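Me: Please look at the sequence and the model first. I would then like to go through some local features one question at a time.

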Amino acid sequence: MVTVAEAAPAVAAPPALRLLPARVAVPMAVAAGLTQLLAFPRYDLWWLAPVSVALLAAAVHRRRARTGAALGLLAGLIFFGPLLEWTNLHTGVLPWVLLFVAESLFIALLGALAAYASPLVDRHRWTWPLLTGVLWVGQEAARDRLPFGGFPWGRLAFSQGDSPALRFASLGGAPLVTFVVAVVGGLLVTAAWRRWGVPSVLLAAGAVALAAVGLLVPVGGGTDGQKPVRVAVIQGNVPRLGLDFNAQRRAVLANHVTGTVELAGRVTTGQAQQPDLVIWPENSSDVDPFLDPEAAAAISRAADSIKAPILVGAVLRGPGENQVRNAGIVWLPGQGPDESRMYIKQHPVPFAEYIPLRKIARMVSKEVDRVRSDFVAGDTPGVLDMGAATIGDVICFEVAYDGIVRDTVTGGAGILAVQTNNATFDESEARQQLAMVRLRAVEHGRDALMASTVGVSGFVGTDGSVHQETGFNAPGILLAELTPRATRTLATQLGYWPEMVLSGFALAGLVAAAVIRRRRPESPDGIAPLAAEAPTTSTAEER
């Protein structure tokens, strides 16, 4: 006798996405780390970033969470190790290793979560690109904040300086650019995976189309009737690179005074146009000009000669004993410093500008004792009125932090200025930093500049293009017209919302995966648990 259940047609379950054997998954994780590295400066093969995302997504799919974490860690180590090698130049091997391992742990977490969420992809395969995108945004959101305020270096968005995807920054900042790059990677892995049911060529075409849509995103906006201002950047250089550059701090100050006076001479002879304002880099005066009359006189001589305000990067003593501040000070010709127009760096670098857990840190590297005085953080954005324009000042690594840059724009800055000192690093670090300036210019629709003691310095347009880039470890003088702007891009107006919403979707995806994992094999929808869907030939090693 035939039962009703036997007579009913079987519900066809989607074909399972097979588990890649370990001999394939491990090389793919290695390739994921390498391709991500090559997407960043100095290699600048930006199109490899989504390829990296696709490789890691394929390697961890349908694996146990701990195996996904191991594969993610492998990819992270191969990526962050070389990317952050410049931190090893003068501080020793161990601090560098601890830094890149700590950063790699976030990629390990990403691998674990992507593996855990595999059942969601198996049930609703259209979610794979979107899930990949939001998991990358969530991973970067955590890494940008933890520990000790986070270290956002190596975000996918910072690899896209020459990519059409960069223009998405004007809509949703760095989180949206990362999302788009990761979604493209998700489309690629979906197209390459077997037994999908949708022509792979359509998915691949969708990946290309999504990236190309960035070309249609408007950037920059109007000039709001603002007149261009002439901005000079002085790259004075240092006597020698390394941690002891500031032992020659008076020579560094003298170099920037000399460069400014030289520019003034060119203006007098008609070889250069008169600048409206001048930007010196971070640490251009490591001698506190408020306490040292000789340093103050030297800076005043430079300002009087060029007849324009100078934004001076200075290290100031205080406010307490064994405390210092990293400052940008507006120095006026004929008047001197205006203490009401001064920015104090809000995010000092842990283990470089201040030492948390000093006793433990000393066991890692004796170089921590070079930091005898801890830098104290400021508490207000770097919005500085320099007469001809209001400058949004951020100092060195602060350019990597979304909120610090955004606060200067919402505070009224019409031009972005990044003061930095790359004398303790190398050209790779400087170019990685300039890539961040390019994204910020597009994100906020502001002309921008980077002023470095040793390079790379340059001007950046609202479309992310770089103009008048200097060389590394050499003096330089740049002069260009920049246009202050007051309009705000959608990214500026939305603030943290794109990152919060996308991270929220990542959490929702993980919850959905957890629900599916609890379902039994005989559930009506025909979706079996992850273990039941794995090929019967899988070995423990392949898991």
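**Backbone and helix features**

Me: Is Q468 buried, partly exposed or exposed?
Reply: This is a predicted model, in which local features need pLDDT of at least 70 and side-chain atom pairs count only at pLDDT 80 or more, while totals for chains, interfaces and linings use all residues. Residues are numbered from 1 along each chain as its sequence is written, and side-chain values use heavy atoms, leaving out hydrogens and water. Buried means under 20% relative accessible area, exposed over 50%, and partly exposed in between, with a 1.4 Å probe and protein chains only. Because its relative accessibility is 39%, Q468 counts as partly exposed.

Me: What is the phi of N237?
Reply: Most residues other than glycine have a negative phi. N237, in the loop between β1 (229–235) and α10 (249–268), is buried at a relative accessible area of 10%. Its phi is positive although the residue is not glycine, with a value near 70°.

Me: What is the omega of the peptide bond from L146 to P147?
Reply: P147 lies in the loop between α7 (127–143) and α8 (169–192). The peptide bond from L146 to P147 is cis, with omega near -15°.

Me: Which residue does a cis peptide bond join to G455?
Reply: Most peptide bonds are trans. Here omega is about 5°, and the second residue of the pair lies in the loop between β10 (448–452) and β11 (458–460). The cis bond joins G455 to V456.

Me: Within what arc do the buried residues of α16 fall?
Reply: Among the buried residues of α16 are P498, L502, A506, G509 and A513. Taking the directions from the helix axis to the C-beta atoms, the buried residues line one face of the helix because they fall within an arc of 165°.

Me: Which exposed residues does the face of α16 turned away from its buried side carry?
Reply: On the buried side, α16 packs against α5 (93–116), α6 (118–123), α7, α8 and α15, contact meaning heavy atoms within 4.5 Å. The face turned away from that side carries the exposed residues W497, F505, L507, V511 and R518.

Definitions and conventions. Helices (H or I, at least four residues) and strands (E, at least two) are DSSP runs, numbered from the N terminus.
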